[in-house]
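The sequence and coordinates are shown first.

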Amino acid sequence: MVLYITEMGAIGDGIALNTDIINEAIDKVHQAGGGQVIVPPGIYISGAIFLKSNVQLYLEAGARILGAPDASMFPSVKNSHSCALVGAYGEENISIDGYGILELNHPFEGGEAHPLVLYIRNSKHISIRGVTLYQHGGHHISECAYCENVTYDSLIMNSRDSVMGDGFDITGCKNVTVNNCKIVAGDDAISMKTGNGDYPCENVTITNCMINSNWAGIRVGPESTGDMRNFTVSNCVFNDCSDALKIQLCTDYQMEDMTFSNLVLVNTCRAFCLTYRPPFNNKNDDEKQFHGKMRRLHFSNIIAKNGGRAAHQRYHKEQMIIQGMYGAPIEDLFFSNVKFICSGGGVVDKLHGILVPEHGLYDYYPEFLPCDLSYGADNDHPSSCMFLNHVENVTFVNCEFETIIPDERPAIVANDVKNVKLYQASTNVEAGLMCCYDVEGLTTVQCDGEIKFVDGEQKAQCDAFKKISIENTQHYVKNMRCKKAIPSMTKVFSVTHEVGENITVPSFMYNHEDGKKVYLHLGVLKGTPVVIVNGKEAYRWERGTCPTYNDGRTPIYADISDAVSPGENTIEVVLDGDFKQFRSETFDIYTSAE
């Protein structure tokens with residue numbers, strides 16, 4: 001059945017109220033088994049419109065449904081506290097299509113309920129295509145809650161002058177696609193979350209969209225009470241957003257298996273923000289630990305250029321944040337072919353503290369991460385591009401970290417991070433590629449930039465190493481310059497020796513297999529080590545430039561490849577100096593294929 005609302009008596013003069021007429025037309029088509037309710041050109045004033053199963057509301061070009069100015073004309077959608085210009089509850093096969101406009105103009109005034117343009121709840125097989133949705137000064141534009149099989153396609157949405165004007169809210173939905181949309185939002189452009197543990201938000205695809213937001217471009221979480229999984233975002237442009245991608249988990253649920261690819265993020269204050277917030281404020285209470293998981297997020301083929309949204313820069317400082325929690329790290333992150341561009345200009349003597357304080361996440365809604373808790377504080381973050389805190393298994397492949405103007409901070413700062421891999425990563429930042437505070441397991445391969453470990457003020461130039469791999473050693477190299485880095489080494493020989501002061505350590509025999517690089521590992525507390533192979537000095541490392549372990553030991557990985565010969569070799573380790581002390585109980589021989 002096809003029915004024009006004008007056949008039912010609707011008047012599109014911008015004055016007459018058409019609420020009852022439009023709803024009667026929808027009911028008539030629904031009772032006839034389904035079909036189209038068509039809105040011809042004109043301005044039709046209306047209160048709440050309720051869609052019914054098997055009905056399409058079609059707006060012809062030039063048609064505009066304008067929300068009535070009286071908020072009392074928008075009763076709540078069934079079983080909810082939300083009201084809307086167009087709403088539905090418990091329906092199937094419903095759609096809005098065409099080239100017309102749905103528009104609301106209800107300025108936000110405190111806690112008063114404000115209608116959305118579109119609110120659909122507990123429904124299936126929903127299609128919203130082609131139309132333009134405007135929200136002026138009020139609440140969100142659109143929300144689907146606990147729905148299945150939802151398609152948004154070729155929409156134009158604008159709520160930029162609405163302080164709470166989200167574009168799409170996707171709450172506890174399954175099988176959702178958002179395609180070819182242009183969104184200008186006063187709050188989050190697209191927000192995906194859950195509101196009921198029985199309704200996970202899953203299987204969401206967003207592609208070919210233009211996104212402009214006064215807050216987050218795409219936001220996952222945080223006020224969620226259920227699992228979130230299986231999201232893909234691709235082929236989108238984000239422009240003039242406070243945050244482009246904001247992914248936040250606040251509850252003891254799972255957030256996993258998400259990919260973000262082929263994106264351009266420009267004029268954003270912060271391109272990436274991944275954070276946790278606990279359900280309780282006391283992080284030291286063993287009975288109130290955070291048990292949620294954020295894991296398996298992949299980012300590829302992205303240009304992320306910070307520097308826009310000047311009004312918010314005093315909060316975000318343009319630093320990309322990936323911050324888990326004590327005992328609950330964010331896990332399994334993968335960045336490939338990502339170019340991070342930040343404004344730069346950071347000055348070290350402005351730093352309030354080396355690391356962002358933990359209580360910034362425990363006591364506050366996870367939005368701002370200033371170095372102290374004064375919003376707008378004139379303090380820089382510790383890194384110029386990215387801060388990693390409480391993270392496990394993060395890989396960067398062919399990633400670039402740049403600042404537009406010089407910056408005194410390293411590109412990346414990592415704290416309480418396990419298993420970091422950087423392959424062909426580079427930076428133009430003079431302070432280096434990465435500074436590590438508490439890192440266990442670091443692999444870097446063909447990277448251009450300095451890798452620093454805190455503790456000690458000296459730097460050691462490791463030109464003898466073509467590559468360096470640091471695995472399962474929390475404080476291996478400190479303040480080391482690594483223009484290139486090495487694959488994993490294999491321990492092939494170990495000999496126990498006496499530990500103490502002014503001792504003589506006997507030489508030992510090592511049977512070398514030809515064709516492999518050879519490294520000797522030892523730990524020294526005092527003195528300068530000299531390695532002698534087959535009676536000739538093979539390696540000396542002058543103290544004063546040696547990096548150290550946290551307990552004061554000097555960890556030595558001596559490259560003795562050129563000194564050993566195939567077969568048996570006699571190796572001695574001698575300490576020079578007035579005060580000599582070995583701390584390690586073993587000498588270990590490692591080999592590497594390169």
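## Cysteines

C144 is buried, its relative accessible area being 2%; here buried means under 20% relative accessible area, exposed over 50% and partly exposed in between, with a 1.4 Å probe and protein chains only. The model is a predicted one, in which local features need pLDDT of at least 70 and side-chain atom pairs count only at pLDDT 80 or more, whereas totals for chains, interfaces and linings use all residues. Residues are numbered from 1 along each chain as its sequence is written, and side-chain values use heavy atoms, with hydrogens and water left out.

The structure holds 0 disulfides, a disulfide being a pair of cysteine sulfur atoms within 2.5 Å. C144 is accordingly in no disulfide, and the nearest cysteine sulfur, that of C147, lies 4.5 Å away. C209 is likewise buried, at 1% relative accessibility. The closest cysteine sulfur to that of C209 belongs to C236, and the 4.7 Å between them is too far for a bond.

## Nonpolar cores

The largest nonpolar core has 119 residues, and M192, F272 and F335 have the most contacts inside it. Such a core is a set of buried Ala, Val, Leu, Ile, Met, Phe, Trp, Tyr and Cys residues joined through side-chain atoms within 4.5 Å. Strand β30 (residues 330–344) supplies the largest share of this core, 6 residues; strands (E, at least two residues) and helices (H or I, at least four) are DSSP runs numbered from the N terminus. Apart from this core lies another, of 15 residues, which include V518, Y539, I560 and F587.

Which residues surround M192, leaving aside its neighbours within four places in sequence? M192 is in contact (heavy atoms within 4.5 Å) with I170, C201, V204, I206, I218, R219, V220, G221, M228 and F231.

## Salt bridges

The count comes to 19 salt bridges, each defined by a side-chain nitrogen of Lys or Arg within 4 Å of a carboxyl oxygen of Asp or Glu. One of them joins R160 and D240, at 3.7 Å from N to O. This pair links distant parts of the chain, 80 residues apart: R160 is in the loop between β16 (156–158) and β17 (168–171), and D240 in the loop between β24 (228–239) and β25 (243–249). Both ends are partly exposed, R160 with a relative accessible area of 25% and D240 with 24%.

The side chains of R229 and E202 meet at 2.8 Å, N to O. R229 in strand β24 and E202 in strand β21 (residues 201–207) are 27 residues apart, and both are buried. E256 forms a salt bridge with R295, again with closest N and O atoms 2.8 Å apart. E256 belongs to strand β26 (residues 254–268) and R295 to strand β28 (residues 293–306), 39 residues apart. E256 is buried at 9% relative accessible area, while R295 is partly exposed at 22%. Through shared partners, salt bridges join K174, E202, D227, R229, E256, D257, R295 and R296 into one network.

## Confidence

The mean pLDDT of the protein chain is 79, with 75% of its residues reaching 70 or more; pLDDT is the predictor's confidence in each residue, from 0 to 100. Over residues 309–316 the pLDDT is below 50, and this stretch has 30 contacts in the model beyond near neighbours in sequence. Residues 455–488 also stay under 50, and the model has 109 contacts for them beyond four places in sequence. Where pLDDT is low, the predicted coordinates should not be read in detail.
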